[in-house]
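Visitor: Hi! Could you walk me through this one? I'll just ask as things come up.

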Amino acid sequence: MKRQAIVAANWKMNGSLSLIKEMISGLNSVKLAENVDVVVCPPAPFLSAFRISAKSENLQANIHLGAQNVSEHQSGAYTGEISTDMLKEVSVNYVIVGHSERRCIYKETSTQVAHKVKATLDAGLTPILCIGECEDERAAEQTETVLASQLQPVIDEIGIEKFTDVVIAYEPVWAIGTGKTASPEMAQATHLFIRQFLANADDTIANKVPLLYGGSVNAANCEELFAQTDIDGGLIGGASLKVDEFKIICSSAKGS
């Protein structure tokens with residue numbers, strides 16, 4: 001079964017207006033494989049600049065704009081929050097939801113993440129749902145329990161049928177920004193568990209959901225990671241701030 005391959009750049013609280021121009025120019029020179037999409041998620045103040053620059057440079061159509069977070073609320077007295085309507089006005093297509101930094105630092109619960117996934121879908125946007133275990137949980141062999149506890153509230157909130165419009169990014173917390181990376185075999189085994197967990201609810205839908213790996217993915221290890229059966233791309237952090245390296249990663253993605 002063919003699945004969409006996706007390479008998403010999460011700039012976190014990094015980047016600049018000049019990097020946006022450099023990135024758009026660089027990505028326009030990349031020849032992407034068939035069935036591969038690229039998503040760039042800069043900080044919120046740069047979303048409009050990306051849209052404007054992408055239009056002026058005629059950015060290729062399979063490169064999209066994404067946001068790093070969204071509110072589960074549509075409007076109101078929520079200082080500092082961003083609604084789905086606001087994101088749509090600046091041509092955002094994808095939204096990262098439930099990143100480990102949001103869960104760990106800002107104490108977002110899996111229930112809140114599920115509400116954000118629903119709000120994103122209701123707005124016609126595509127959520128990139130992040131899940132992952134910390135190093136202690138991996139050491140205690142609790143990875144599958146943790147991932148199930150993060151996925152089940154979303155299934156309960158939106159129903160398995162809506163997962164045809166969801167992207168899942170597995171990011172072992174211990175590998176984010178640390179230089180540590182799960183071996184391709186370890187990453188594949190975890191992605192297979194995720195797909196099997198979804199298959200418990202609906203096997204056909206489970207086989208359609210793009211599963212991305214995130215955690216110190218770089219130009220040196222991306223090809224081997226992307227070659228795994230159940231890894232359909234990556235959520236890229238630090239390497240997505242380096243235009244030449246990110247271009248290599250994007251070029252390595254293969255539509256399955």
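Visitor: Is Glu101 buried, exposed or partly exposed?
Guide: Glu101 is partly exposed, at a relative accessible area of 28%. Buried stands for under 20%, exposed for over 50%, and partly exposed for in between, with a 1.4 Å probe and protein chains only.

Visitor: And what does the Glu101 side chain meet in a salt bridge?
Guide: Lys12, with 2.8 Å from N to O. The pair is 89 residues apart, with Lys12 in the loop between strand 1 and helix 1, and Glu101 in helix 4 (residues 100-104). A salt bridge here is a side-chain nitrogen of Lys or Arg within 4 Å of a carboxyl oxygen of Asp or Glu. Helices (H or I, at least four residues) and strands (E, at least two) are DSSP runs, numbered from the N terminus.

Visitor: Before we go on, what kind of model is this?
Guide: It is a predicted model, where local features need pLDDT of at least 70 and side-chain atom pairs count only at pLDDT 80 or more, while totals for chains, interfaces and linings use all residues. Residues are numbered from 1 along each chain as its sequence is written, and side-chain values use heavy atoms, leaving out hydrogens and water.

Visitor: Good. How many salt bridges are there by that rule?
Guide: The count comes to 8. Arg3, Arg195, Asp230 and Asp232 are linked in a network of them.

Visitor: Tell me about Arg195, then. Where does its bridge partner Asp230 sit?
Guide: Asp230 is in the loop between helix 10 (222-226) and strand 8 (233-236), whereas Arg195 is in helix 8 (residues 184-199). Their side chains meet at 2.6 Å, N to O. Asp232 also bridges to Arg195, with the closest N and O atoms 3.0 Å apart.

Visitor: Are those residues buried or exposed?
Guide: Asp230 and Arg195 are both buried, Arg195 with a relative accessible area of 4%. Asp232 counts as buried too, at 5%.

Visitor: Switching topic: which residues of helix 2 are buried?
Guide: In helix 2 (residues 47-56), they are Leu47, Phe50, Ser53 and Ala54. Seen down the helix axis, they fall within an arc of 130°, so they line one face; the arc is taken from the directions from the axis to the C-beta atoms.

Visitor: What is on the face turned away?
Guide: The exposed residues Ile52, Lys55 and Ser56.

Visitor: And what follows helix 2?
Guide: Asn58, whose phi is positive, near 50°. Most residues other than glycine have a negative phi. Asn58 counts as exposed, at 64% relative accessibility.
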